[in-house]
Amino acid sequence: MKDSNSRSNFLPPPGPELTYELEFDDIVLPEIINLIPMAELNSFPQLTSSICVEDNNSRQAVLKSCETDGYLALFAIKSFNVDTNNLTKEDFFPVGVAVRIVDFNEVHENLLKVTIQGMCRISLDEVINNAQGPPTARLSRFPEFKVRAYNIDHLILEARRLFAEVIKLIPGLPINLFKLNQLLEEQPAVLADLIMAALPLKPSLKAQFLLIEDLEERYLQLLKHLTLELSNRRLGQAVTERIEKSLGRRQKELQLREQIKAIRAELGEENEEFETHRDLADKLAGTLLPAEVRPTVDREFQRLKNMPPQSSESCVILNFLDWIVALPWNTSTEETADLKKARQILDRDHYGLTKVKQRLLEFLAVHKLTKSHKAPLLCLTGPPGVGKTSLGRSVAEALDRKFVRLSLGGLRDEAEIRGHRRTYVGARPGRIIAGLKKAGVNNPVFLLDEIDKLGTGPTGDPAAALLEVLDPEQNETFTDNFLEVPFDLSNVLFILTANVLEHIPGPLRDRLEIIEVDGYTLDEKMNIARRHLWPKELDRHGLTISEVEVTDEALENIVCSYTWETGCRELGRQLGALARSRAVAKAEAQPLKNLVEASELEDILGLPKRQEERREKMAQTGVVTGLAWTPGGGDIMFVEAVAMPGQGGVSLTGQLGEVMKESAQAAVSYVRSRSNDWLFSDDWFKEHDLHIHLPHGAIPKDGPSAGVALATAVVSLVSGFKVKPDLAMTGEISLRGLVLPVGGLKEKLLAAKRAGLSTVLVPALNQPELARLPKSIAEGLNIVPVTNLDQVLEQALITGEKLAEGEVFNPLDKSETAPSATPPPPWLYQTNLGPLGATT
């Protein structure tokens, strides 16, 4: 730290006569001071103010200064993009303020509020960055230029006079007039700083003022700010007086509106409120509104003109009218129901789906002939990734209509459909009206996606709100809660999609015509990949068909080993990975291999997926392959049964639903009821506990279609006969042993083909559905219809030699005198109940 004798290093050199010099004899600055960078510098010498510091370096600077002399150096930074860990002199404006800490408080853990006293202006010589602490600065006292007295005396007096006028117009300014007069004689530079600090100006203007080195220039700038401030204050006073004369007894809430009018009149500008009303009136006049809507709109517009624009109600009405003029009340697109064009578009965009496309063409044909707005509501149902949404887009293109998609998944608020009432803050119309506004026409194709995933909550049932939207008898006068006027939705062509039909509420499902979009076979997936997915991925990754192609073997391997779905979404992602691998080689200017072969797949896509879901390779006792339907398509499902000494209990595990548990109980009960017919030991079920398990316990399972698989697993366990490993089955079991029909047959058969199974047992009552399935699905599968459990066991179990007539097979008897170790199925014999295998 320098002593008082070094003060000359900080002061400017002596000037000519008739000058004066500012004195700071009581201020001795250290040579090096802790530095705090400031976004905006609004501290002045002789001024007490407060600053907030929150970054770590600045807080350390405050704390370290409090431990020593209490001095800080405040400098404004030129840019917010500076590196605070590597500051340089060029990062700061040249002039700052040396301050002394008066007090500080810790507002919270990372924020200090520091009260400071401005000392003097300083200039920055060098910035010293410290790795373990805040930056410090080597600085010099900023020179106050010596100016001839007669050049600035009149400026000082004029500043004093103007500021006195300002004080009269701004009561409560923190100014001590005695100190002001004292500074007028002793320290005119400090006087300028004090007046500038007292003026209600932006901090940036004050910081610029601090940078002015010449005292005369500082007073010129001060006079400029004082004159402008005084002019504004006088204008404001004149406006206030004018308003007070015009207001009279008007309500106080109109004052702000009148002030704005008076200000604009003084500026010679046209009233903005008048312009808004005029523009809105022109828009309303140019909008063809229905006869029942026009009176309401006119009434609301008149209310808007009679109320102050600053009121919250005027904002609500203005928002309402903006929506009214933006909606397509009478704007529609001219459709062209050309069936030939529609067929070409559907065939271009979708491979397969023959029956679905035929039903859509029938729908379009009826629509063309009748021009009826009361067409049936089509609902496309099927697993994800089979093209439901793109079918809706193709229908819109075929009709030359606009296309709007609304995802309903997770919607729980009725207001999302009907809109919010205007009494609520932030109210807006529902998504149906918003979709029509976005489309710009009143007859788009409106796709309501994922309707089966609608939820319910405390704010209403969205599915119930959709009844009015979708019902042709009601939607001609659909009334949104926000608009509160009817809007005709009868011209809109609504198409719905869902994954699980059972999840659609009953009243809504009753209004729909269901079109099932099934999963794809291997051949269909191969063609979809060739025609649509692979060209699309190549285009996305900057490649062409001539540069990269996939062999049939590789493509089939991807479909069978790297995807496990009925749709094609995962297939598209895997093809995208192939394209990315070739895109990297092309971008790096490496030799580009034209063909993607099967041998490369593991290097690009990794190991094959879902290998464990293939069929069992060896026949086992008590293990049966069932078939299941899931929202993602079909899948195989193993049923495992084991026995242990006990008292006849039955345990069911694998996160089974109530329906599946009841199906398992029915299967066990039926097997026990046939013990005598099938020559089982009477004591077996009394002396053993059964445990039936369905693997993948983290996945919930439910439904009755595993009944025959559960019964077969129990019979296999008790009899000791193994189940054929290449066979799967599906069907509900009754207490009479009948095999009842099930759903999702196509998806289940596709799952069997993917798993490499050769034989599938299905309920005979499902034969009509089998006849409607594409032949490609049944290719390679031996599909056996069955009517009862005896026929199931005859097909499923691996049997041995027959027992002699009258012998009883006891699976617990392991002695050498026991009947054959591989006994035949007793149901092949004729018993007193008649030939087994016949329907019981």
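Biologist: What is the strand order in the open sheet of five strands?
Modeller: The order is 8-9-12-7-13, and the pairing is parallel. Keep in mind that this is a predicted model.

Biologist: Which ones are the edge strands?
Modeller: Strand 8 (403-407) and strand 13 (512-516), each of which pairs on one side only. On average, neighbouring strands in this sheet are turned by 25° against each other, ignoring direction.

Biologist: And which helix packs on the sheet?
Modeller: Helix 12, residues 354-370, packs on it and touches strand 7, strand 12 (493-498) and strand 13. The direction of helix 12 makes about 145° with that of strand 13.

Biologist: Let's stay with strand 7. How many bridges does it form with strand 13?
Modeller: Five, in the parallel sense, with strand 7 covering residues 377-381. For instance, Thr-381 has Glu-516 of strand 13 as its bridge partner, and Leu-380 has Ile-515.

Biologist: How many bridges link strand 7 and strand 12?
Modeller: Four, again parallel. There, Leu-378 stands opposite Ile-495 of strand 12.

Biologist: Is strand 7 buried or exposed?
Modeller: Buried: five of its five residues are, so strand 7 is largely enclosed by the rest of the structure.

Biologist: Which way do the residues of strand 7 point?
Modeller: Leu-377, Cys-379 and Thr-381 point one way, while Leu-378 and Leu-380 point the other way.

Biologist: Okay, new topic. What is the volume of the second largest pocket?
Modeller: About 740 Å³. The lining of that pocket is made by 28 residues, and Gly-385, Gly-387, Ser-390, Leu-533 and Lys-536 lie nearest its centre.

Biologist: Which elements give two or more residues to that lining?
Modeller: Helix 13 (388-399), helix 18 (522-540) and helix 20 (569-587).

Biologist: How do the lining residues divide into nonpolar, polar and charged?
Modeller: Seven are nonpolar, ten are polar and eleven are charged.

Biologist: One last thing, Leu-139. Where is its place?
Modeller: Leu-139 is in strand 6, which runs over residues 136-141.

Biologist: Why do you call Leu-139 buried?
Modeller: Because its relative accessible area is 4%, and buried means under 20%.

Biologist: What separates the C-alpha atoms of Leu-139 and Glu-126?
Modeller: They are separated by 6.8 Å, with the two residues 13 apart along the chain.

Definitions and conventions:
Residues numbered from 1 in each chain as written. Predicted model: local features only at pLDDT ≥ 70, side-chain atom pairs only at ≥ 80, totals over all residues. Heavy atoms only, no water. 1 Å grid on protein atoms, 1.4 Å probe; cavity = no way out; pocket = protein on both sides within 12 Å on 5 of 7 lines; lining within 4 Å. Points joined across faces, edges and corners; volume = space filled by probe spheres on them. Nonpolar A, V, L, I, M, F, W, Y, C, P; charged D, E, K, R; others polar. Pairing = 2+ DSSP bridges. Axes fitted to C-alpha atoms, helices over the stretch in contact; angles between N-to-C directions. Contact = heavy atoms within 4.5 Å. Buried < 20%, exposed > 50% of the residue type's maximum accessible area, 1.4 Å probe, protein only.
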